[in-house]
Each structure stands twice: as structure tokens, then as C-alpha cells.
Amino acid sequence: MVTAGEFTLREGVRFQNGAPLTAEDIAFTLARVPRVANSPGAFTVFTRQVRAVEILDDRRFRLRTGSASPVLPNDISQVAILHHGIHRDATTEGFNSGELAIGTGPWRLQSWRSGDRMDLARNDDWWGGALPWQRVTYRLIPNDSARVAALLSGDVAFIDQVPTSDIARMRKDQRLAVSEKPSLRHLYLAFDHLRDGPTPFATDNDGKPLPRNPLKDVRVRRALSLALDRRAIVDRVMEGVAVPTGQFMPPGAYGYDPTIPVPEIDTDAARRLLAEAGYPQGFRLTLHGSNDRYLNDARILQAVAQMWTRAGVRTAVEAAPYASFISRASRQEFSAFLVSWGSSSGEPSAGLRATLGTWDPASGMGAVNRSRYSNPEFDRRVLAAMNILDAGVRERMLQEATRVAMVDDAAILTTHFQVNVWAMRRSLRHDGRADERSRPQDIRPAE
């Protein structure tokens with residue numbers, strides 16, 4: 001069965017070089033996605049359903065798919081549209097230098113100094129209307145204390161990722177305003193599902209490699225889940241600025257399953273499962289993660305390591321800057337590691353496909369499945385749900401797929417959803433976003 005959906009582009013949208021946005025740009029962009037070499041997170045998960053793009057005229061096009069595709073509009077909204085001429089021979093270097101940073105958005109890139117700052121100028125031809133700021137400077141201040149100090153000194157007007165230890169103080173400071181929004185980003189612990197034999201960072205208690213990968217045993221993964229005190233992570237590490245979870249979506253969101261509770265800690269049960277799996281004395285494990293990407297990420301790693309150690313899996317921590325960590329994680333170099341998924345579309349299907357689907361570069365399934373988990377039953381349920389037009393039925397099918405991966409298989413262990421917190425001068429107001437983005441068009445003068 002082949003189905004088609006017809007779309008009409010908004011009138012008057014132009015790229016920042018003055019070229020109009022046309023249907024040809026849509027066709028070019030969607031055709032380019034699977035051809036991007038060495039992508040660390042292929043966007044084919046969002047475009048795999050598109051079989052063909054038919055250009056009807058400058059502003060109208062038709063997408064043909066192999067079956068009903070009710071989430072396709074959500075999916076393709078995650079793909080940044082490029083110009084068919086400017087970006088035809090685009091390279092990573094061209095984008096990184098800023099030379100090819102030309103889109104249809106409200107801000108034009110003026111300058112970019114890697115690791116330091118980005119200067120933007122207002123695009124007065126933006127289709128979205130007038131904005132109050134003529135110029136915007138993004139400064140990159142990864143150190144929490146330095147970021148807060150920059151705001152308090154007046155060096156900057158607005159910051160994101162407010163450290164949890166400073167939120168209460170900032171709420172009381174009459175010079176400042178605070179903006180908060182529950183996030184759709186959950187943090188989770190992933191495991192080496194690829195290797196049956198030795199896994200690189202798990203050893204016996206004498207430091208000798210184990211003959212088989214203990215993390216391939218669902219009993220071990222369930223034991224590690226039982227050893228986690230998710231509520232303590234939220235209360236003590238995140239200082240209440242998070243929501244504990246055992247699934248992919250937060251309460252109230254599409255795809256949330258009320259039958260999946262937040263798992264409770266049970267260290268004794270964890271030890272019994274480890275013994276049943278053949279590890280009565282436990283084993284040693286190294287947990288990897290970043291120290292500059294997520295709120296309190298290094299502290300979360302340490303807390304998890306202590307909890308697993310108490311259950312008998314003696315866990316060391318290796319934290320590194322995100323750029324180097326995620327490159328290694330993408331090459332399947334780790335045994336256990338902390339990563340995340342944030343939904344930008346407000347529904348779970350893209351994340352389920354990308355993080356837990358069987359890795360398949362051609363289809364986009366498993367695009368960021370760095371653990372290489374694979375369960376054909378999970379894949380079948382997710383892909384079947386993608387063809388269901390009835391939103392209620394589709395939600396139930398996605399909930400069933402979630403239970404297969406996260407309850408039956410304990411493929412990954414979710415810990416919590418972040419709460420996004422921004423702070424700013426009292427003269428500003430900000431509309432927070434669940435997708436965490438800090439956009440200057442969401443900041444206005446306070447009334």
C-alpha cells in the first residue's frame with residue numbers, strides 16, 4: 001500500500017540570503033539525510049517512511065509513504081531544511097565554520113568562536129514577525145559557578161541550566177527572575193548488549209576479565225535496577241529539580257504508561273538476583289559518562305556507583321567531557337554508561353525507534369542505540385504502531401513496546417526526567433520550553 005500526504009509551505013518564508021523556501025528545498029533535504037556520512041546520530045529515523053517526494057509547484061509537495069504514517073509531520077519537523085543550491089555540496093567544516101549556517105530562522109549568524117561565544121543579528125525578514133532584540137550574544141560558560149557569577153555580576157542577562165544548589169537563592173533574589181518547565185528529557189543507564197563474551201569494563205573481584213558479559217543477563221540488569229534509589233537521586237543529587245521515572249515519558253505525556261511505576265530500591269533482592277545469575281560475590285564494573293552535558297551528570301554517576309556497589313557490583317566511575325565520551329560510546333567501547341533522550345515532538349515513537357530499535361543504518365532504526373540492544377518483538381510492536389491512525393490505539397501499542405524493552409528486558413534503566421530551570425534579570429520574562437532549548441525569541445522585556 002502506498003499513501004500520500006500533501007503539504008503547502010507558508011507563504012513568504014525566505015532563507016537568510018534572500019532565497020525563497022521552496023518545495024525543491026524540501027525534496028533536496030529529505031534526499032540528503034541518508035547520504036550524510038559518519039553522522040553520530042542519523043536523522044533517517046525521522047525520514048525512513050518517505051518513499052518519494054513529488055514537487056507540485058514552488059510551495060506544494062506530496063510525500064509518498066509505504067503505509068499510513070500519522071506521525072510523519074512530527075518526524076520531519078525535526079529535520080532542519082537546507083537550501084538546494086547553497087547546501088548541495090555542504091561539508092561538516094562548512095557548517096562548523098558558520099559559512100553555511102544559513103536557514104530561515106529569526107537570527108543571522110555574525111560570528112562564532114568555538115568554545116567561547118556566538119554573535120547573532122536579528123533577521124528582519126523572518127516570517128514570524130518583529131522581535132525586540134537587534135543583537136544577541138551566546139556565551140559558552142560550562143562551569144556552573146562561573147555561569148551564576150556572570151549573571152549576578154551583570155556580565156550576562158540570562159542563563160540556562162541553573163545549578164540545583166543555586167535555585168532557591170535565585171528565587172529569593174529580587175534582582176532576578178526564574179523560569180521553570182518540566183522536561184521531556186530522561187536520563188538512563190545503558191549496557192553492552194553487543195558482546196556475548198568479555199565486555200571491556202567488567203571483571204571479577206580480582207580484576208580479571210569475565211569469560212562472558214554479565215550485562216547480557218536480564219537478571220543482572222534487573223538487579224542493577226533494584227539497586228538504584230531513583231527517589232534519592234532526585235531528592236539528594238538533583239535537589240528536587242527532577243522527576244523519578246522507570247519509563248520513557250513523564251506523567252501526562254502521550255505514551256506515558258500508568259501501569260509502570262517508579263521502581264523501588266531493594267538491595268537485598270538485587271543481591272539475590274546477582275547470585276541467581278552466577279555472581280554471588282558480585283563483580284567489578286566501570287560506569288562511564290559525561291561531566292559537562294547534563295545537570296549534575298558527574299554527581300549522578302557517583303551516586304549510581306555507590307548504589308550498585310552496596311548491592312555487590314563494585315563500581316568505579318570514569319567521567320569525561322561529553323564530546324570525547326559520546327564518541328567512544330558511539331563506537332560501543334563501554335560496558336555501562338549514562339546518556340539521555342529528549343523528545344522534541346512530545347511523543348515517544350521517535351525516541352523508542354532511535355534508542356532501542358535494532359540498529360539498522362539503512363532504515364534509521366537504532367540511530368543512537370549505542371548499546372546495540374535488539375529485540376525483534378519490540379521492533380515489531382513499534383513499527384506496527386507507526387502505521388496506526390487512531391491515536392489511542394497507537395498509544396497503547398507504544399506502551400506495550402515500552403513494557404517489552406523496559407520492564408521485560410530491563411534493556412535500559414531510566415532514572416529521572418530533568419526539570420529545566422533558567423534565571424535572568426528581573427527586567428526580562430521567559431517562556432520556558434519542555435525541549436530545553438534556550439531561544440532568544442522566547443525572551444521578552446518584562447511588562
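Does D173 count as buried or exposed, and what is the relative accessibility of D173? At 16% relative accessibility, D173 counts as buried, where buried means under 20% relative accessible area, exposed means over 50%, and partly exposed lies in between, as computed with a 1.4 Å probe on protein chains only.

## Basis of the model

This is a predicted model, in which local features need pLDDT of at least 70 and side-chain atom pairs count only at pLDDT 80 or more, whereas totals for chains, interfaces and linings use all residues. Residues are numbered from 1 along each chain as its sequence is written, and side-chain values use heavy atoms, with hydrogens and water left out.

## Salt bridges

Side chains of opposite charge can pair when their charged atoms come close. The structure holds 33 salt bridges, each defined as a side-chain nitrogen of Lys or Arg within 4 Å of a carboxyl oxygen of Asp or Glu.

One of them joins D173 to R175, with the closest N and O atoms 2.8 Å apart; R175, at 52% relative accessibility, counts as exposed.

## A pair within helix 9

D268 pairs with R271 in a salt bridge whose closest N and O atoms are 3.2 Å apart. Both residues lie in helix 9 (residues 267-276), three residues apart, or about one turn of the helix; helices here are DSSP runs of H or I with at least four residues, numbered from the N terminus. D268 is partly exposed at 47% relative accessible area, and R271 is also partly exposed, at 40%.

E333 forms a salt bridge with R331, the closest N and O atoms being 2.8 Å apart, and E333 is partly exposed at 24% relative accessibility.

Terms used
Helices (H or I, at least four residues) and strands (E, at least two) are DSSP runs, numbered from the N terminus.
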